[in-house]
Amino acid sequence: MSPVLRIATNELRVLARARVAQLAIALVVALSAVAALTAITQGQESQEIRSRFQAQADREFDGQPARHPHRMVHYGHFVFRPLPALAGFDPGVDAFTGSTLFLEGHRQNSANFGDVRQSSLLVRFGQLTPAFVIQALGPLVLIFLGFGAIARERDSGLLRLHFAQGVRAGQVVLGKAAALSVVAGLILAPALIALAWLTVFAGAVPAAALMLAAGYAAYLLVWVLATTSISALAPSSRTALASLVAAWALSAILAPRLATDIALLAAPQPTRLETDIAIQRDLKKIGDSHNPDDPYFTAFRASVLKTYGVARVEDLPVNYRGLIAMEGERLTSALFETYAERQFADQKRQSGLALALGGVSPTLAVRSLSMAASGTDLEGHRRFLRQAEAYRYAIVQRLNRLQAERLTYSDDSNRNSDPEAGRRVRIDPGAWRQTPDFVYRPASTAESLAASTPGLLLLGAWLALAGGLAWAASRRLERAGS
Amino acid sequence: MQCYIIVDRALAAGEQTDMPDPSSAPPAIEIRDLCVNRGGAAVLKTLQLTVNPGEVYALLGGNGAGKSTTLAVLMGFVRPVSGSARVTGLNTASEPEAVRRRIGYLPETVALYETLSAYENIAYFLGLSGVRPTRADMDAALDAAGLQTEARTRRTAGFSKGMRQKVAIAMALLREVPVLLLDEPTTGLDPVATADFNRLVGGLRARGAAILMVTHDLLGAADCADRIGVLARGGIVEEAPARDGLDLLALHRRFGEAAAG
Amino acid sequence: MIGLGQELRLFLRQRLAGPTLALLAVLSAISIGAGMLEIRRQTEAIARIQPLQAAEEAAVAAWVSREGDAGNAAYYTFHATWDRPSALAFAALGQRDVAPYVLRVRALALESQIHEGESYNAELALPGRFDWAFVLTFLAPLILIVLLHDLISSEREAGRLQALQAAGGRTGLWVRRAGLRLGLVFVAVAAPLALGAGMSGAKAAEVLAVLTAAGFYLAFWTLVCVGVGALGRSSVANGAVLAATWVVLTLVLPALAHMVINRANPVRQGVELTLAQREAVHAGWDKPKDATLSAFFKVHPEWRNTPPVTSGFHWKWYYAFQHLGDLSVADQVRAYRRGLESRDAWTARVGLFLPAVGVQTALHRMAGTDLAAQLAYQDRIRAFHERLRRFYYPYIFNETPFRKGDFGKAPRWAESG
């Protein structure tokens, strides 16, 4: 057996007999298991609830009685953001973004009832998910079990005894790192089982699950190498522990919050209220569909009359009010899209800035990868918002088109004064049942892998750095001789 | 190289063995003109020291005289500024790993894995240097070193200094090393344990090992050493063969002066 | 006092002591700065919307006052509400970064408007903000651990313990030493807060309350550190035990508590009432007008003897079923509210056992940035909405024309405490 393997197995044997190690590993494995179990069941429950609400909303829409199509535009529809299969592993921004979105004409609403506004301040302490356990607690356990691996042996003289047998410093460092890697594997095991379960039973994409497994393995490996290196480099075991805990606090606790504040400071966002007002302003500049003398709509009317070759709107084969509704919706939706894309771009810039600070913290890098691969990053939410908006536009325009084609202009104009006309403008409910349901298209494998790439690259850089540190530690240990 | 265990049993059986004549063999430890700096200051200045196989050399000196440094140089942990240190002909600066394989090193505080037993410690450390001792081998070595049987399967957590030393000596025996470096082996031992230890050193010497012993114990050194050297001001200031009739008191006084001067 | 000065000198001569304290002071100052910047941003946003809102109202007034239809006025006029941050909000931002602090409402059904969210970057909101509450709750204990873990064990390891115990009074010495470190950490954390509070115009009593909470929290951690140190283990072992304690008390147990509390108090009523309210309001289009209006007059009998509604569309009938839609979900609103409050109450109870949760609860309560403050803002919006409805009803039900002058009479958002 090579010395590296001997050192590794011996270190594991010593760890296995240490009560502290037994306790720490047992605790973190238990936490990881609890987190995995609750995350999976909670994910299932949330998904069921959302499906149930979506079914209820679909039923209510389809079950509406005969109505004027524009009433249905204001009746609107609810869509509920479905949870990706891997959300159980890393819920990401799910708690912070609402899951309920109301779609109606002329308005773009916010997604509401996110957990963060329904929970007390405990939600800010961190959610007990497998991702959290590995990102925040895993490195700490590795630090506690590994900080003395070389430092304590140097203090006690055991290290010198190794050298006296003709072992090289590099072999010692590698052996200790290998042993700590086995511990890392133990910490990772419940999470990997959860991933496998989610892939087999919950329909998670295998490539994404693999990406998660690889990312977290790389992350823990970074900490394994860093811990072993610091243990070798620090003058005493106390300094080793202090530096490692400080590094962990900086990486897992401080850096994410500092990154948030820096990114928000550099690229602030306007409030929803101001965006609404700005949209209304822009809309008025183009044209006001409620104002009959508006110049834009005057021109619109002229062009419609010309297209159909008639002189008056009453002579049009279609309902002019329906055409106005469609045109009005087109204008507002174009504005919504402009502002929404601007906001998305702002947020992307913010997130990019925050990720760039991942150069300081491997935790930021793995978090980015984890959320992207699980489909619960901001991009996933944006995908939902974009698809929901496209759906909203589609069904609103469909309803407006019904108003244009199925109703006559005179009926529509007289619907409030003439009860017969009022009855005729209500089209039969079959039209609601024919409206397509909202089908959410999640990110393709290629898309989610592409989104995970920045985090992966950053982790790769960290791995190289940690490897370099380990190599430097070996050299220093060799030269110091003792 | 002789196998000490076989020799031991042979000796016990009263047989004669083919032992190399110590005086005709090349020196096991040879230090020439050794200059070593530590922390910017010169600790050893043109040190000359030679230990032959089957010889015990007791190195005395005050605190900070450079005794531990000398051992560190021989182990290849410290590189000299000039001069050479050779162990069985190998240069310690250029081939530290090969040198370490020829040396059995007994530090002042023998470090062992507290949660492992004596057997496990021995098997592990020997495994690192490529030796795979069987249980019988380990028992024989521990018998020679004098560790009681019931202590061998216990965790080494409660071991006294003497017991730890016995484990370390057993390790050295199993590795069949020609050179032994002992760092203050009897400091902290009671007189009975000291006597035990000195007997052990005598046994090792009989097997043809070259032993360099750093110690404060003049009396004990005189008992088991062949030569006594006093290290002061970077070099050996006094060297005397230890034999019956040696004026220890005078040596003690001169030692004090040499160390102080 | 002489002893303290000497202890201070001894303390500062340790290599890492001064820099560690300086680090805490710097981080504390940065957190105060960050918090104040955020609050200034929010205050500026509130100021920014005033002229925007005035212009919007003027624009609506311009075209509505032509016909003078009060129904149009109530339908198209958005009224601004806002939640001004309290003087101490900079110290603990709480929910202010994820909940709206400005919201516009119309006189229509309220339940579809009041749950509107704010647009923010959810990925950035995920870890939380770097505010003073964070520094106090998470970082200050770590610094205390660094300074106190080897209080006794370092003397033992240096061999001075027995000499110390022989020379000085036993408890007096340790109390002085621990007290000095606690005091220094407290000052490092409190000084920036006091400065920030002075700049924000916070009341002295409030600042004192916050500092008292901080003091108790730090004292708790000091006791834990000294207690572990008194067990007689090595410095390294102490450091490891204390770090593990910190992780369990500030990370693991609160996360577990959060999970348990949320599962025990489901709040699905929020979505349910939204769905139900929409159904109720839109069913109003199909119900016979007499039924709707008589139900409405039961709640608002003062409008019973107004000109009746003719067939077709009429604003009276419209606003009637809007309000009835709100009333039909009143029970669910209450249940939802109770669920949220229950979560908050349980969190406060957990705070009695977990000091990190307790100090955060106290700080956010004092800063007015917790869930209760959010709900209070919503309550104020509800009251304002009620005033709006009562303002518009006379015009609508008496069919009085609504002119430009009447726009100026509309209720304004009052900033109650």
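Residues are numbered from 1 along each chain as written, and chains are lettered from A in the order in which they are written. Because the model is predicted, local features need pLDDT of at least 70 and side-chain atom pairs count only at pLDDT 80 or more, while totals for chains, interfaces and linings use all residues.

**View 1. Helices α1 and α8 of chain A pack against each other.** Helix α1 (residues 3–17) and helix α8 (residues 169–201) meet at about 45°, with axes 7 Å apart (helices are DSSP runs of H or I, at least four residues; strands are runs of E, at least two; axes are lines fitted to C-alpha atoms, over the stretch in contact for helices, and angles run from 0 to 180 degrees between N-to-C directions).

**View 2. Helices α10 and α14 of chain C pack at about 145°.** The axes of α10 (residues 235–264) and α14 (residues 330–353) lie 10 Å apart. Ala257(C), Ile261(C) and Asn262(C) of α10(C) make the contact with Arg343(C), Trp346(C), Thr347(C) and Val350(C) of α14(C) (C-beta atoms, placed from the backbone, within 7 Å).

**View 3. Four strands of chain B form an open sheet.** Follow the order β2-β1-β4-β5, with antiparallel pairing (strands pair if DSSP finds at least two bridges between them). β2 (41–51) and β5 (90–91) of chain B stand at the edges with a single partner strand each, so one side of each has no neighbour in the sheet. Look for Val87(B), whose bridge partner in β5(B) is Leu90(B). Helix α2 (residues 67–74) of chain B lies across β1 (29–38), β2 and β4, running at about 115° to β1(B).

Note on methods
Two residues are in contact if their C-beta atoms, placed from the backbone, lie within 7 Å.
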